[in-house]
Amino acid sequence: MNQQQSALFAPPTEAWTPVSRRYAGLRRLSSATSWVFLALIIVGPQAFMVFFLQGFPGSAIRTLRWTLAASAAVLLVLAIWRLWRQGAIARSWAYAERDSDLYIKSGIFNRRLTVIPYGRMQAVNISAGPIERAFKVATVKLVTASAQSDAVIPGLDPEAAAALRDRLTERGEIQATGL
């Protein structure tokens, strides 16, 4: 990525705060679960057919076995690649607190930068489902006046999420709107 494109997704002179390293583990678990279900949907029926057609002679069973092996191999390669990429995807999440707004960046292939003026915030929500709690991370969601805003910072340490919530609430009150 050239310097001009890098500047597009990063305000100058700002230090980005990354999300927790444990977020990568959460993403890997989620991705692995998804790939297991996908494998069951794609490979499961093929394996079922191979099992029941085992005694039938002919080339159809050989073709079915090769199709099963090829499908399983492609799924395995894609799953390993996706699991490997989850760490980079998790590391792409970061936020920067400025005097008047909050910057959130994410993404590797599709990069995204969201700017939330403190004065536009209406609420700051923290959530942590059972799996997030198992990984000791939480998600901070900012509610703004815009219905299209989806300012979310996943994978924060619970203490960091609480501190960010307090700072954002205080800055929102200072900006005199919303919160």
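Methionine 49 is found in helix α2 of this predicted model, in which local features need pLDDT of at least 70 and side-chain atom pairs count only at pLDDT 80 or more, while totals for chains, interfaces and linings use all residues. Residues are numbered from 1 along each chain as its sequence is written, and side-chain values use heavy atoms, with hydrogens and water left out. Helices (H or I, at least four residues) and strands (E, at least two) are DSSP runs numbered from the N terminus. At 41% relative accessibility, methionine 49 counts as partly exposed; buried denotes under 20% relative accessible area, exposed over 50%, and partly exposed the range in between (1.4 Å probe, protein chains only). The C-alpha atoms of methionine 49 and isoleucine 61 are separated by 8.8 Å, with the two residues 12 apart along the chain.

Helix α2 spans residues 22–52 and helix α3 residues 59–91; their axes come within 9 Å and cross at roughly 175 degrees. Axes are lines fitted to C-alpha atoms, for helices over the stretch in contact, and angles run from 0 to 180 degrees between N-to-C directions. The crossing therefore makes α2 roughly antiparallel to α3 (under 35 degrees counts as roughly parallel, over 145 as roughly antiparallel, 65 to 115 as roughly perpendicular and the rest as oblique). The contact of α2 with α3 has 22 nonpolar, 6 polar and 4 charged residues; Ala, Val, Leu, Ile, Met, Phe, Trp, Tyr, Cys and Pro count as nonpolar, Asp, Glu, Lys and Arg as charged, and the others, Gly among them, as polar. Arginine 85 also lies in helix α3, and its relative accessibility of 16% means that arginine 85 counts as buried. Residues up to four places away in sequence aside, arginine 85 touches Ile108 and Phe109, contact being defined by heavy atoms within 4.5 Å.

Two strands are taken to pair if DSSP finds at least two bridges between them. Strands β1 and β2 are joined by 2 bridges, with threonine 17 partnered by tyrosine 95 in β2. Strand β3 (residues 101–106) is joined to β4 by 6 bridges; isoleucine 104 stands opposite threonine 114 in β4.

Strand β6 (residues 138–144) pairs with β7 in the antiparallel sense over 4 bridges, and valine 140 has isoleucine 153 as its bridge partner in β7. Of the 6 residues in β7 (151–156), 5 are buried.

The largest nonpolar core has 23 residues, and those with the most contacts inside it are Leu102, Ile104, Leu142, Ile153, Leu156 and Leu168. Such a core is a set of buried Ala, Val, Leu, Ile, Met, Phe, Trp, Tyr and Cys residues joined through side-chain atoms within 4.5 Å. At least two residues of this core are supplied by each of α2, β3, β5 (121–127), β6, β7 and α5. A second, separate core of 6 residues includes Val43, Val50, Leu75 and Ala79.
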